[in-house]
Amino acid sequence: MQAQQRGAVREAKGRDLGTASNTIAGPEADLAPKSGHKVVRVGPDGEAWLEASRCSNCGAVMAERTRACRSCGARNTLVPFRPKAIGTLYSWTVVYRSFPGIKVPFVSAVVDVDGGLALKGTLRIDDHDSLKFGMPVRIEFDDAGGAKDKDGRPYVGFHFVAEGASA
Ligand SMILES: [Zn+2]
């Protein structure tokens, strides 16, 4: 009986290895995109969204998932939530010098995101003279500059664009 079962398993494995769908599904499943930032979550289908934490004791919002609130120190009070991928420009600087290979100038920005989260990132905008405090922006997910982990899995990052601008 045991030998028969083993034989059946061996036969099934042999069939699996022989099918094209299994050969493709293995490596591709391993190369599913993964988060390249602490607030970015990526579903199995590659869909990305923002996730942050809000303290149920004091209301503070933070990007990191920690055991204790960084504002009031209460433990186990952080509740995850999904901010909408929109916000307003809080501060920025135009960067003219960077590492070799990084295209300059670019705009490094701090954005007040929906729900109380603050995020730093690159604001893609051509007209730097149009930058204004409080201007509406939105978050777009991207390929994190083509970055991949050691196994070749691509990362998902984000950048800001002016609301109403075409990406
Ligand atoms: Zn708190």
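## Starting at S11

Take serine 35 first: its bridge partner in S11 is valine 156. That bridge belongs to a parallel pairing, where strand S1 (residues 34-35) and S11 are joined over two bridges. Here two strands count as paired if DSSP finds at least two bridges between them. The strands themselves are DSSP runs of E, at least two residues long, while helices are runs of H or I of at least four, and both are numbered from the N terminus.

What you're looking at is a predicted model, so local features are kept only at pLDDT of at least 70 and side-chain atom pairs only at pLDDT 80 or more, whereas totals for chains, interfaces and linings use all residues. Residue numbers start from 1 along each chain, following the sequence as written.

## Confidence and overall layout

On pLDDT (the predictor's confidence in each residue, from 0 to 100), the protein chain has a mean of 85, and 81% of its residues reach 70 or more. Treat residues 1-26 separately: pLDDT stays under 50 there, and the model has two contacts beyond four places in sequence for this stretch. A contact means that the C-beta atoms of two residues, placed from the backbone, lie within 7 Å.

The chain has two helices and eleven strands, running α-α-β-β-β-β-β-β-β-β-β-β-β from the N terminus on. Among contacts with a separation of 6 or more, 49% link residues 24 or more positions apart. Of the 167 residues, 16% are buried. Buried means 20 or more other C-beta atoms within 10 Å of a residue's own, exposed means 12 or fewer, and partly exposed is in between, again with C-beta atoms placed from the backbone.

S8 carries on to S9, antiparallel over six bridges, with valine 107 bridged to leucine 123 in S9. S8 and S9 make a hairpin with four residues between them, and glycine 115 in the turn has a positive phi of about 95°. S9 then joins S11 through two bridges, and these two strands run parallel; arginine 124 stands opposite valine 161 in S11.

S10 and S11 are antiparallel over six bridges. Valine 137 stands opposite alanine 162 in S11, and isoleucine 139 has phenylalanine 160 as its bridge partner.

In soluble globular proteins, nonpolar side chains tend to be buried together. A nonpolar core here is a set of buried Ala, Val, Leu, Ile, Met, Phe, Trp, Tyr and Cys residues joined through C-beta atoms within 7 Å. The largest such core has 19 residues, of which Val40, Ala109, Val111, Leu123 and Phe160 touch the most other members. Two or more residues each come from strand S3 (48-50), strand S7 (86-95), strand S8 (106-113), strand S9 (118-124), strand S10 (136-142) and strand S11 (155-162). Leaving out neighbours within four places in sequence, valine 40 is in contact with Ser35, Ala48, Leu50, Phe141, Val156, Gly157 and Phe158.

Three strands make an open antiparallel sheet in the order S5-S4-S6. Strand S5 (61-62) and strand S6 (78-81) are its edges, each pairing on one side only. Strand S4 (residues 52-55) is joined to S5 by two antiparallel bridges, and arginine 54 stands opposite valine 61 in S5.

Where does arginine 82 sit? Arginine 82 is in the loop between S6 and S7. Is arginine 82 buried or exposed? Arginine 82 counts as exposed because 12 other C-beta atoms lie within 10 Å. Beyond neighbours within four places in sequence, arginine 82 is in contact with Trp49, Leu50 and Glu51. The C-alpha atoms of arginine 82 and alanine 52 are separated by 6.4 Å, with the two residues 30 apart along the chain.
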